[in-house]
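Here is a short briefing on a pocket, a ligand and some backbone features. Please look at the model before reading on.

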Amino acid sequence: MSAIDQAEIEILADPEALARRVAEWLVASMAASTGRFSVALSGGSTPRRLYHLLAQPPCRDRVPWERVHWFWGDERFVPRDHADSNFAMVRDALLADTPVPPAAVHPMPTGGASPEEAAAAYERELQAWYGGAVLLADRPLFDVSLLGLGPDGHVASLFPGSPVLDERVRWVRAVSETPIAPFVPRITLTYPALDSSREAAFLVAGREKRAILSRLLAGDDLPSARLRPAGRLRFFLDRAAVPERLR
Ligand code: 6PG
């Protein structure tokens, strides 16, 4: 049985209801934890409203900012103030006006010489955070991984046909072939790192995602279908993205 078959699916009325539900779920997960809490953030457009909600009351007043650490699931290899930067999107939507300690923000480095060097540097940062270079099944790297579903079934920057899909050792890899806009090199977490999550949640909204979501839920071999999180996998979907048969 695939992870998809065992996933918990919630269908929300619209993107706003989806963002509010995920914000409620995420803050409750943080509140139920003790000590450090790590989130691997998704880029793209779907999670932006969620990030805005986390930065505003009531969520803002409930997030334990002093002990939450923010990581990225993938990044476009562009400057941090570039319009395509996932860091810039999160900074503007979530981090700019909140009491997040600067040391709790762990962006993927994109100012260096190459995506490969950036990937290696981020892997070192993750291993320093984790306290080791071997991921243990009973000690996930992330408390929560937030994930998007690309129109071709990609997740993070794990694209169909990419050799990075077969990476089972490195935690972070550079991606040179990017079939989806923006057509820039990427840095992405690999399956070992993404799977090392206590909770993983796809956020999928919009009628334009209905076809690829149908394929994912039908068991097609898409990059997003290959996730095997250590913990629970959830789908937060808005009605427009859900195939008729699942409504
Ligand atoms: C990115 C994302 C990517 C995204 C999907 C869905 O860097 O673009 O990490 O994996 O989550 O492409 O993007 P939308 O939310 O914009 O549909």
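Where does Ala156 lie? Ala156 is in the loop between β6 and β7. Strands (E, at least two residues) and helices (H or I, at least four) are DSSP runs, numbered from the N terminus.

This is a predicted model, where local features need pLDDT of at least 70, side-chain atom pairs count only at pLDDT 80 or more, and totals for chains, interfaces and linings use all residues. Residues are numbered from 1 along each chain as its sequence is written, and side-chain values use heavy atoms, with hydrogens and water left out.

- The largest pocket holds about 500 Å³ of space.
- Its lining has 33 residues, and Gly43, Gly44, Ser45, Gly148 and Lys209 are the closest to the pocket centre.
- α1 (15-31), β4 (74-76) and β6 (142-148) are the elements that each give two or more residues to this lining.
- By class, the lining has 16 nonpolar, 11 polar and six charged residues.
- On a 1 Å grid over the protein atoms alone, a pocket is an open set of points where a 1.4 Å probe fits, with protein on both sides within 12 Å along at least five of seven lines; lining residues have an atom within 4 Å of a point.
- Grid points are joined across faces, edges and corners, and a volume is the space filled by probe spheres set on the points.

**Ligand**

- The ligand sits in the largest pocket (more than half of its atoms lie within 2 Å of the grid points).
- Around the ligand are 15 residues, of which Ser45, Thr46, Asp74, Ala156 and Lys209 come nearest (a heavy atom within 4 Å counts as near).
- This shell divides into two nonpolar, nine polar and four charged residues; Gly counts as polar.
- A side-chain N or O atom of Thr46 is 2.6 Å from a ligand oxygen.
- For Asp74, a side-chain N or O atom is also 2.6 Å from an oxygen atom of the ligand.
- Asn86 places a polar side-chain atom 2.9 Å from a ligand oxygen.
- On its own the ligand has 410 Å² of accessible area, and the protein covers 89% of that (Shrake-Rupley method, 1.4 Å probe).

**Backbone**

- Ala156 has a positive phi of about 50°, although it is not a glycine.
- The Pro57 to Pro58 peptide bond is cis, with omega near 5°.
- Pro58 is in the loop between α2 (48-54) and α3 (59-62).
- From Ala181 to Pro182 the peptide bond is cis, with omega near -5°.
- Pro182 is in the loop between β7 (172-175) and β8 (186-189).

Technical notes
A polar contact is a pair of N or O atoms within 3.5 Å; within protein, one must be able to donate a hydrogen and the other to accept it, and residues adjacent in sequence count only if both atoms are side-chain atoms.
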